[in-house]
Every structure is written in structure tokens, then in C-alpha cells.
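The exercises below are meant to be worked with the sequence and the structure open side by side. Try each task before reading its solution.

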Amino acid sequence: MEILYLLIPLGLLVLGVAIWGFIWAVKTGQFDDMEGPAYRILMDDDDIRIPTRNPENTADKELKEK
Amino acid sequence: MTGNHKEECFHCGLPVPQNSSYRVKIDRKERAMCCPGCEAVAKAIVDGGLTSFYHHRTEISPTARAAVPEILQELTLYDKPELQRTFVSTDEKNIKQASLILEGIVCAACVWLNERHISALAGVVEFRVNYSTHRARVRWDDTQIHLSDILQAIASIGYLAHPFDAGRQEAVYKKERANALKRLAIAGLGAVQVMMLAVALYAGDYSGMDAGLENFMRWVSLFIATPVVFYSARSFFSSAWRDLKVHQLGMDVPVSLAIGLAYAASSWATVTRSGEIYFDSVTMFTFFLLAGRFLEMGARQKAGQAAEELVKLLPAMATRVTDEGDETVAVTELMIGDKVRVKPGDSIPADGVIVEGRSSINEALLTGESHPLAKSIAEKVIGGTVNIESPLVIEVQKVGEETVLASIQRLLDRAQVEKPSIAKMADRVAAYFVGFLLILVSVVALWWWQHDPDQAFWIAISLLVVTCPCALSLATPAAMTAATGSLTRLGVLTTRGHALETLAKVTQIVFDKTGTLTKGHLALESMQVFSDIKEQQSLNIAAALELGSEHPVAKVFLQKASIPNEISANEVEAVSGQGVTGLIDGVQYRLGCAAYVASVLEESPATLDKPKNATEIFLVNDKSLLAVFFLNDELREQALESVQALKAMGKKVWLVSGDNEAAVSYIANQLGIENTRHSMKPEDKLSVIADLQQQGEIVAMIGDGVNDAPVLAAAQVSIAMGGGTQLAQASADMVLLSEHLPHLVDAVKMAKRSVNIVHQNIAWALVYNLLALPLASMGYIAPWMAAIGMSASSLVVVLNALRLSKSVDL
């Protein structure tokens, strides 16, 4: 059981990392908006990379400008 | 309505008028638009390459108002440094930052649209929208772009943005929330770790454990519990100290006593290697209590943010009349004695007296009466009320804190502070219990000290721990948190802790009429035409006469008229409270009440097919009657069922309204409400409620207007409608977000159930304490048994409370 003398302090270290991580998350505003980001990933900017048949498509124009 | 297929506006979903020529090409297809506003917005969206907004949106957008050049002009005022001082901050790299309240956000796609559109502007460093609060933060480089350009860009895609001073409340809320989250996380993580070690220690007690290892684990538990007690539980200690300073024994006193003593005794046990440790109970208890308070805080903040929007009642800009001509200034710069010009449709910026012009003023803000009042020179007007008919020049008499609007807010603050609260009773009972406990513990400790000094300390500790009022103090908050959660899912937001407890005991339920039992806006119920005029044509004439008026009646006609309305009226003149008259193609028309058209129409036609209680509006030309319109305010869905369900529960239902007798009794008859009061001013409503309260009744008030706010604050428990004014919501204990009256019935039922659960919890906690008390006093309970007993009794209470959150259907 001597190994516990090593494992428990190691566990404490992990606990410290978890608390640090949580405080970091609170400080950087990860909990400010609990709804918006879930939708944000669904509406990405990748539509301009999807090829379209219509050359007049505004999205294509945007791509050319870039 | 005819059976023809009606086209709907692709942007806002309103029917497209016939012959409309507003069209925008979206996804290679011509889409019809209802008005130039929607057309301009849709065009801006398509031109910006943001067509996918229309694919992603889950709600129909609000109808866009055509951008009036004057309003856009006004936006440039936000670039003035004097005005920016209040809401703009500048960082070291000369990047400016401001917070905006966004109006018109209905779904997540709106957030995406705004972010894409604004971030693409040159000079905008960052633009972030918070979907939960509908607030945006913008950072920009003032050398490349101005704030007014950003606001215009937002307006061009159909949203409205108001800058606001985020410094005050927003920052406070954010800090409060961040701190609560950190405390909660540390308590939670700590509790899990300590619990793990506690299981090992209990097992070790049973099967034997190496003394060195046991000692090591105790020290580790102490190490983890220390930040939980000194950081997470600090708020309990400070509020207990505050209570003690004013010589009161609040609920936080026993809580901090339990945490403090259990922690101190366990630390002592650890250092001296004797006795039992209770770090697991300490941390778990702290975590449960913090979780309940965190949820309560969330609901309170949501309501508080609504109050912040009240600031919008006062306009940000005013037109000051000076010798050199008119100039536009910020309202905050107005001084007493300044003269300001107020256009029709604008809010009056400050309290003052009319020095030029005559008009009618909508004072719904103060009286709840939606019919405008006529005012002329030398009469007083109040800041925040709306000028309706013609331009006025006003001499400012009061600004800032002196204004009536500011005093309403103060009245509200006071009413909230003085609110009678049943919740305080429970605290007082607990306080007696704590006082009794402390005396008992000292007596028992003294007795043991004289008879068996070695045992005295541990018996005192286990007595304190076993009778720790944890279960007692968790009994109410645990049940309330669970009930609040399930009500929120129904669309009933509870903003104050005592609301449910009080709601369960309510004996009288007082409803406001307009906006509460009814939908709060007039609608054309039916119409009758005379002579050979067509229905639509008579509506168009009425709309032409009412064009530019803010009167609620005018809105009905403006919505019903064809767009564009080819008819236009000249020499329009309005008589307040009576009607309007004007020339159309050289013919004099009149639109108004029976008295107003009496000169043309000697007697009311006998064949009137008048729906019950409808307001009649007559349209006449110089010779004869053309049409009669019947307007009515619709009842909300299931209003009757809800009122009857409340009566079946033994509640007395009241209808107290500012409207006239006929309107009130009509609604009361329909709903079967016997107790009514009509033509009530806010102070009359207050006295009705005060009378009831003096008779020992517990009153719930349901309302929606600014004028209801003081009454809402005075009632023991108050509920505002979700579509009501922000001020009403801020002063209410609960907000019926769904605006669905049956949910009110559910809330009352849920309140009753949760109070039952609270009683069960308190009974259990008391029985447990009464059983444990004599046993512990006699020294039969070892401290480890006390610890298990304390945790178990708290767990029973929490599990019992959780039954409330399971079933939403009652």
C-alpha cells in the first residue's frame, strides 16, 4: 500500500490542474454564452468553398476577391 | 379573406399586397417582399453574400422598417465624444469598445448574420453577439470606421442596435457569476476528492488500516477541505456575520456554525491524531448549498437585465431650440430651462411644460390608459411619454434624478425592499432552533465536563454535528430549486426566492385586464359598409386619414390598408379622443366616434350588426355614412379555463383595470369573474391591494404595464407577462414568459406541491434531530455515526426535493 503515498499526491496534482483549467475557462468567458456557440459551429463560412454551377453566384465572387 | 393563394413576404412572412413590385433575387429565384423595408434588408443580405441566413434561420424575421434618412442621420450623433463618454472605452492601441443591445434577434441565424456582416466591415476589430442576452460587444478602429457606420450597417440588415452603458450592471453581474462559478467548482471538485478518501477511511475503520496511512489520508482531506471552507464557503460566513452584527439569527448562522465547527473539530482531530473527521460532510454540504444559490442567482440576473433595458424609454437624443437654430444634443446634456422640439411620434426627453403647439400625448407610461390626452400651452408633460399628433416645443423643468420616470423607479425600489416576506418566518423559526441548540450543547458539555472531562469535547462535537441544521436549512432551498427548474421549462421564470412559497398560500388573485387577460391590442373584429363603397376602399380612406398617427386605433387601419395606399389625405386635423378629419379629392371625410360624426349623421343606423362590447368607429363623408368599423381587444387563449381552474382551487379572482365599466364588466362576464373594479389609477389599484392585505389576505397580482409596476411590487407575490414592459418584469417575482395563462395554473399547483415537499422535509429533519438529540447527549452516538447521520439526513431531503423536477405534467 506504500504506492498510495505517491498516488494520492499525484491525484492532488490532477485536481490542481482541473481547478486551474476551470478558473481559466471562467476567466476567458467560456461560460458567458451557454447557447450561441452550439449553433455557431453549424453555420460556418465553408459555403464559399462548395462549388456551384452558377458562375454569377455571389459566393464565387467573394472567393475570387479573396 | 378569399381562398386565393396569398403570397407571403420571403423575409418577414407577412402577406404580400397585390400588385406589389418589391422583389429580390435570392438563390436564383425572384422572391416577393411585402414592403420597401424588407426589400432593402433582403438586398443588403444577398449583396453581402450572406444568403445562407435564409437557409439556417429557424424563425421568421421581424418586418423590416424602411431606413428613414433622418434616423440614419441621427445615428451620426453617436460619434460625438460627449455622448460616447458614457458607453465607449478606448484601449492603449486606440481601439474603441462599446456594448450594444440588439433588437430583432429571433434565432441563432440572426447572430450569425450580424457577426458575418459587421465583422466584414473594414476597421471593425471584433464583433461578438451573445445569443442568451442579445447583447453585442464591438471593438473598432476609429480612424477607419465610426460607430454610426456600424450602427447603420446593422440597421441595413434589419436589426436595431442601441449602445448602452455596460459598465454599471453588466460588469457587476459578470463578476458575480464568475465568482459563484469558481466557488461552486472548487467546492464540487473538493467534495468528490474528500468523499473518495472518506470511503477509504470508513473501510479502514471496519477492516483495519495502517495507522500511518490513515493519518496521511486525514491530512490530505484537511488539505483539500481548507480551500473549500475558506474560499467557497466564505459567502456564508460573511453573511452570517452581517446577520449577527444586526442581532439576528439568520439561516446562514447555523450553516456557518455547522461548517466552521465541523471543520475546526476535524482539523483538531487531524492534528492531535484523535477523534473523527467530518471533512466529507463539510465539503458536500457546502457544494449543495452553493449549487442552489447559483441557480437562484441566474434567474435573478436574467430579470435584472430586463430592467436595464428600461433606460430605452427615454430617447438618447433631443432637438434643442437655440437662437442660432435647432441643434441635436444628447439628452444627458439637457439643462433646466432649455427648449426642446419634439416631433410627433417621438418620446418627450424630460419633464417640462409646453411653450409652443398643441398635441395629444400618450401617457400609458403613467396611467396605463392607452387613449391619448390633449395638451396645449402651459400644460405639463412628462419625460418618457409619447407625443402623438403635432410638433411641440417644451421648456425643460426637470432632468435626471428629478424626473417622474426616475421617481417611479425609486418607488419601485422601495416597494421591493419593504415587501412582506413569508420566507423570513422560516428563518426566524430556524433562528430559535439554533439558539435553543447552542444553549443545550453548552449545558450538555458542562455536565459531561464535570462527570467525565475526557469525553466532554467529543460528545459536544457529535451533538453539534448530529443536530447540525443542515437538513433543516437544505429543506427549503432544495425543494425550491427543483420546482423553479421545472417551472422554467414551462416558461415560468421565478426571479425571487420567496415567490413559490408565497404563491402556494395565495388566497386572492388580482388580474389586470389589458395585456394580461386580453392580448392587449385592438383588432378589427368586423365592419359594415353602407352606400356602394367597397370594404377595402373604406379601409384605405380610413388609413389615409390616420396616416402618421400613433393612436392605437390608427394602427388597426394602417395594417389593414392596401400597400401602397393610393389614397392620400390633405389638411388632416385630429381632435383628441374624438377622431380625425381630412380632405380626399376635395371631399371632406370624418373618422371617429359617434359624437364626432353626429353633425353629418343625425341618428345611428338601426341595422347595426354590432358585436358585443366592440368599439364603434364611424367613417362619413360630407353627406352620408360610409362604413362602421368594430374594434375589439381579444381574450387570450384558454383565459376562461384558467380563471375557472383558479376558482376551483378556492382562490378568489379579481379583475382590476384602468378601463371603463363597460369594457371591464364585459370581460368579467365572459370569464365568470365576480369581483371587479374599473377606472382604476395605479394609486387606486395599490389601495385595493392594501385593503385586501389588511384583511389578512395574501394577494397575487398579474399585470404587464409600466403603470402596474408599483402594484406588482406591493402584492405579496406578483407575476408579469413575458410580452409586458420591462419595468413590470423587473418588479415582478415571476415572469410568465410563455404568456400562456394555463401555465399560471400549473405554477400555482407546482407551488403547492413544493410547499408540501418543504413541509415533509422539515418534518423529517425535525424528527431526525429530536431522535438524535437525546441519544447524542447521553453519549451513545460516536462521532462517525453522527457524520453518517448528518449526511444521510441531508441526502434524504435532497432526494425528496428532486421528485419535483421529474414530472412537469401535473
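**Exercise 1.** Work out what span helix 23 of chain B should have from its 13 residues, and compare that with the distance between its end C-alpha atoms.

*Solution.* The structure is a predicted model, and the check uses its coordinates as they stand.

**Exercise 2.** Which residues of helix 23 of chain B are buried, and what does the helix carry on the face turned away from its buried side?

*Solution.* Start with the buried residues, which are Pro682(B), Lys685(B), Val688(B) and Ile689(B) in helix 23 of chain B. These residues cover an arc of only 120 degrees around the axis, and therefore they lie on the same side of helix 23 of chain B. The general rule behind such a pattern is that an α-helix has 3.6 residues a turn, so residues three or four places apart point the same way.

Next, look at what surrounds that side: the buried residues of helix 23 of chain B pack against several elements of chain B, including strand 18 (508-511), strand 25 (652-656) and helix 24 (709-714). The face turned away from the buried side carries Glu683(B), Asp691(B) and Gln694(B), which are exposed. Finally, follow the chain past the helix, where Gly696(B) has a positive phi, near 85 degrees.

**Exercise 3.** Decide whether Phe557(B) is buried or exposed, and list its contacts beyond its neighbours in sequence.

*Solution.* Phe557(B) belongs to helix 20 (residues 552-560) of chain B. With 27 other C-beta atoms within 10 Å, Phe557(B) is buried, since the cut-off for that class is 20 or more. Once neighbours within four places in sequence are left aside, Phe557(B) is in contact with Leu539(B), Ala542(B), Ala543(B) and Glu546(B). A further pair to inspect is Phe557(B) and Phe629(B), which are 72 residues apart along the chain while their C-alpha atoms are separated by 9.7 Å.

**Exercise 4.** In the open sheet of chain B with the order 13-12-15, which strands stand at the edges?

*Solution.* The sheet has three strands, and the pairing is antiparallel. Strand 13 (373-375) and strand 15 (386-387) of chain B stand at the edges, because each has a single partner strand and one side of each is therefore without a neighbour in the sheet. Strand 12 (residues 359-362) of chain B pairs with strand 15 over two bridges in the antiparallel sense, and Asn362(B) stands opposite Val386(B) of strand 15.

**Exercise 5.** Describe chain A, and then identify which helix of chain B gives the most to the side that touches chain A.

*Solution.* Chain A has three helices and zero strands, and buried residues make up 2% of its 66 residues. Across the interface, 23 residues of chain B are in contact with 25 residues of chain A. Helix 2 (52-56), helix 5 (108-119), helix 7 (169-207) and helix 8 (211-232) of chain B each supply at least two residues of the side that touches chain A, and helix 7 gives the most, with seven residues. By class, that side of chain B has 14 nonpolar, six polar and three charged residues.

Technical notes
Residues numbered from 1 in each chain as written. Chains lettered and ligands numbered in written order. Predicted model: local features only at pLDDT ≥ 70, side-chain atom pairs only at ≥ 80, totals over all residues. Contact = placed C-beta atoms within 7 Å. Helix = DSSP H or I, 4+ residues; strand = E, 2+ residues; numbered from the N terminus. Nonpolar A, V, L, I, M, F, W, Y, C, P; charged D, E, K, R; others polar. Buried ≥ 20, exposed ≤ 12 C-beta atoms within 10 Å, placed from the backbone. Expected span 1.5 Å × (residues − 1). Arc of directions from axis to C-beta. Pairing = 2+ DSSP bridges.
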